[in-house]
Amino acid sequence: MTQRARIRWNGNTALAAMRQGAVRGVRLGAEHLLEVSRQRVPIEEGTLERSGVVSVDDQSITAAVSYDTPYAVRQHEELTYRHDQGRTAKYLEGPLHEENGTITEIIAAQVRRALR
């Protein structure tokens, strides 16, 4: 007697869940980066720090962290400016490199969670 096994392929459902998890992970990873970078943003009145935002493009599964003041780029790039202790130029670039592993893990955790 031969038994037959039925296998149901839910590939499209799995891909949709994976994509949803990736989008959520990218958003959470970018929010993590924003929080870490806010701890380093040069601060005088707090305007620069408050201008930080996360933008996510769900279609391309990409995120951006940006600061929106006329002097944000200059403060980021000018290495000769003096800042309060713990505040520094490269306030976004530094945390991006340092937190890369954490951000990657945040994204991976959300993809795994979505596939459960």
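Let's start at the surface, with a nonpolar patch formed by Leu15, Met18 and Leu115. Together these three residues have about 280 Å² of accessible area. Please keep in mind that this is a predicted model. Leu115 sits in the segment after helix 5, and that helix covers 100–114. Is Leu115 buried or exposed, or something in between? It is partly exposed, with a relative accessible area of 44%.

Staying with Leu15 for a moment, here is a distance across the model. The C-alpha atoms of Leu15 and His83 are separated by 47 Å, and the two residues are 68 apart along the chain. His83 itself belongs to the loop between helix 3 and helix 4. Its relative accessible area is 24%, so His83 is partly exposed.

Now to the salt bridges. How many does a search of the whole structure find? The answer is six. As a reminder, side chains of opposite charge can pair when their charged atoms come close.

Let me take Asp58 and Arg27 to begin with. These two form a salt bridge, with the closest N and O atoms 3.9 Å apart. The pair links distant parts of the chain: Arg27 is in helix 1, residues 11–38, while Asp58 is in the loop between strand 1 (52–57) and strand 2 (62–67), and 31 residues separate them. As for accessibility, Asp58 counts as partly exposed at 39%, and Arg27 counts as partly exposed at 33%.

Next, Arg40 and Glu98. Here the closest N and O atoms of the salt bridge are 2.4 Å apart. Why does this pair tie together separate parts of the sequence? Arg40 lies in the loop between helix 1 and helix 2 (47–50) and Glu98 lies in helix 4 (residues 93–98), so the bridge joins parts that are 58 residues apart in sequence. Arg40 is partly exposed, at a relative accessible area of 23%. Glu98 also counts as partly exposed, with 49% relative accessibility.

Another bridge joins the side chains of Arg112 and Glu105, at 2.6 Å from N to O. Arg112 has a relative accessible area of 45% and is partly exposed. Glu105 is partly exposed as well, at 42%.

Then we have a network of salt bridges, and the residues linked in it are Glu77, Lys90 and Glu93. Let me walk through two of these. Glu77 is placed in helix 3, and it is partly exposed with a relative accessible area of 41%. Lys90 has its place in the loop between helix 3 (72–77) and helix 4. Lys90 is partly exposed, at 24%.

Lys90 brings me to backbone angles. Its phi is near 55°, a positive value in a residue other than glycine. Which value does phi of Ile61 take? For Ile61 it is near 50°, again positive in a residue other than glycine. Ile61 lies in the loop between strand 1 and strand 2, and it is partly exposed, with a relative accessible area of 25%.

On to the pockets. How much space lies in the largest pocket? About 270 Å³. The lining is made up of 14 residues, and those nearest the centre are Pro42, Ile43, Glu44, Glu45 and Gln75. What kinds of residue make up the lining? It divides into five nonpolar, four polar and five charged.

Last, a look inside helix 1, where Gly29 lies. Is Gly29 buried or exposed? Gly29 is buried, because its relative accessible area is 0% and buried means under 20%. From the C-alpha atom of Gly29 to that of Glu49 the separation is 18 Å, and these residues are 20 apart along the chain.

Technical notes
Residues numbered from 1 in each chain as written. Predicted model: local features only at pLDDT ≥ 70, side-chain atom pairs only at ≥ 80, totals over all residues. Heavy atoms only, no water. Patch = residues over 30% accessible without salt bridge, like charges linked within 9 Å, V, L, I, M, F, W, Y side chains within 5 Å. Areas by Shrake-Rupley, 256 points an atom, 1.4 Å probe, with all protein chains shown as cover. Salt bridge = Lys/Arg side-chain N within 4 Å of Asp/Glu carboxyl O. Helix = DSSP H or I, 4+ residues; strand = E, 2+ residues; numbered from the N terminus. Buried < 20%, exposed > 50% of the residue type's maximum accessible area, 1.4 Å probe, protein only. 1 Å grid on protein atoms, 1.4 Å probe; cavity = no way out; pocket = protein on both sides within 12 Å on 5 of 7 lines; lining within 4 Å. Points joined across faces, edges and corners; volume = space filled by probe spheres on them. Nonpolar A, V, L, I, M, F, W, Y, C, P; charged D, E, K, R; others polar.
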